[in-house]
Amino acid sequence: MDYKKAGVDIEAGYKSVELMKEHIKKTMRSEVLTNIGGFSGAFSMEKFKDMEKPTLVSGTDGVGTKLKLAFILDKHDTVGIDCVAMCVNDIACAGGEPLFFLDYIACGKNYPEKIAQIVSGVAEGCVQSDAALIGGETAEMPGFYPVDEYDLAGFAVGVVDEKDLITGKDLKEKDVLIGIASSGVHSNGFSLVRKVFSMDEKTLNTYHEELGKTLGEALIAPTKIYVKALRSIKEAGVRVKGCSHITGGGFYENVPRMLPEGVRAVIRKDSYEVPAIFKMLAREGQIEEQMMYNTYNMGIGMVVAVDPTDVDKTMKAIEAAGETAYVIGEIENGEKGVTLC
């Protein structure tokens, strides 16, 4: 008996590392002090000494049951973007600049080419957010996961000068809410998605005119990364007073997270066009509108609150970063919460 006969192939692990190195190389920053394959990743903080109070911010998350689509479609090169996005967007939401990312892949059987595909997506997400992929772990766990399935999670660390933290504490009446468009369902609510649509190749590979693509293509579209859009806003000289990443829990759970006591967010549902995938999901699943807004991003992946005098500069900065923005509402005095009207 040996480890390979027990289900763990060490040689496959070595091959996975070699295959992923070319993808990881694309993410390197000058501050990275270690090579892939070591016991830990080292990152220099030398460049941040000029900050008055350099503050570390972090985020951790996984892809969730969206991975089931990747298994069925045998498409593994985009879920890594989702994993990175869910972490770095939370960091950007606090005003932070992502520095580095580490991933964790657990699988029933290590297929090196598949692992490399997953990591290629992680690397792409890191490139999009200017974060270095400085380490990770691939755990082969036979008997714990089916041989053709895996889980993917990770965490990111960023930095912000304490004075630039986005806390929402100064939000006041008449501040304006700007929504940045999402790329689709992102990586939340897929347990409900999988109840509405049959998770089989025929269903997922069916083309729908209203979507302009197959159902599978619409659902597996990777989560939008908003790091560069928020950086563009900051570089335009705009102070973001509040920021909300619209993830699980939709508008009703996430928007209040950026609000202090005594103010309320009022969002106009007709201020932008809800993407077709959400309309189809609501129709096919007979899901009530309130539940849709309480589960999904409904086409808005990030909400920023700014002073009314900064609206034009903010819109232009978001568009300069290649994203689409909408004025979706405002802040009013009242009980902390959100009103969708």
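Reader: Lys 68 first: what is its relative accessible area?

Author: This is a predicted model. In it, Lys 68 has a relative accessible area of 33%, so it counts as partly exposed.

Reader: Which residue does Lys 68 form a salt bridge with?

Author: Glu 149, and the closest N and O atoms of that salt bridge are 3.4 Å apart.

Reader: OK. What about Glu 31, which residue is in a salt bridge with it?

Author: Arg 29, with 3.0 Å between the closest N and O atoms.

Reader: Why does Glu 31 count as buried?

Author: Because its relative accessibility is 5%, and the cut-off for buried is under 20%. Arg 29, at 21%, is partly exposed.

Reader: Which salt bridge does Lys 49 make?

Author: One with Glu 46, at 3.3 Å from N to O. Lys 49 itself is exposed, with 60% relative accessibility.

Reader: How many salt bridges does the structure hold?

Author: 25.

Reader: Which residues are linked in a network?

Author: Glu 52, Asp 161, Lys 163, Asp 164 and Lys 234 are linked by salt bridges into a network.

Reader: Switching to the second largest pocket. How much space lies in it?

Author: About 460 Å³.

Reader: Which lining residues lie nearest its centre?

Author: Gly 95, Asp 164, Leu 165, Ile 166 and Lys 234, out of a lining of 25 residues. Asp 164 and Lys 234 also belong to the salt-bridge network.

Reader: Which elements give two or more residues to that lining?

Author: β4 (150–161) and α8 (227–235).

Reader: Which one gives the most?

Author: α8, with 5 residues in the lining of the second largest pocket.

Reader: Last one: how do the lining residues divide into nonpolar, polar and charged?

Author: The lining of the second largest pocket has 11 nonpolar residues, 10 charged and 4 polar.

Methods: Residues are numbered from 1 along each chain as its sequence is written. This is a predicted model: local features need pLDDT of at least 70, side-chain atom pairs count only at pLDDT 80 or more; totals for chains, interfaces and linings use all residues. Side-chain values use heavy atoms; hydrogens and water are left out. On a 1 Å grid over the protein atoms alone, a cavity is a set of points where a 1.4 Å probe fits but cannot get out, and a pocket is an open set with protein on both sides within 12 Å along at least five of seven lines; lining residues have an atom within 4 Å of a point. Grid points are joined across faces, edges and corners, and a volume is the space filled by probe spheres set on the points. Helices (H or I, at least four residues) and strands (E, at least two) are DSSP runs, numbered from the N terminus. Ala, Val, Leu, Ile, Met, Phe, Trp, Tyr, Cys and Pro count as nonpolar, Asp, Glu, Lys and Arg as charged, and the others, Gly among them, as polar. A salt bridge is a side-chain nitrogen of Lys or Arg within 4 Å of a carboxyl oxygen of Asp or Glu. Buried means under 20% relative accessible area, exposed over 50%, partly exposed in between (1.4 Å probe, protein chains only).
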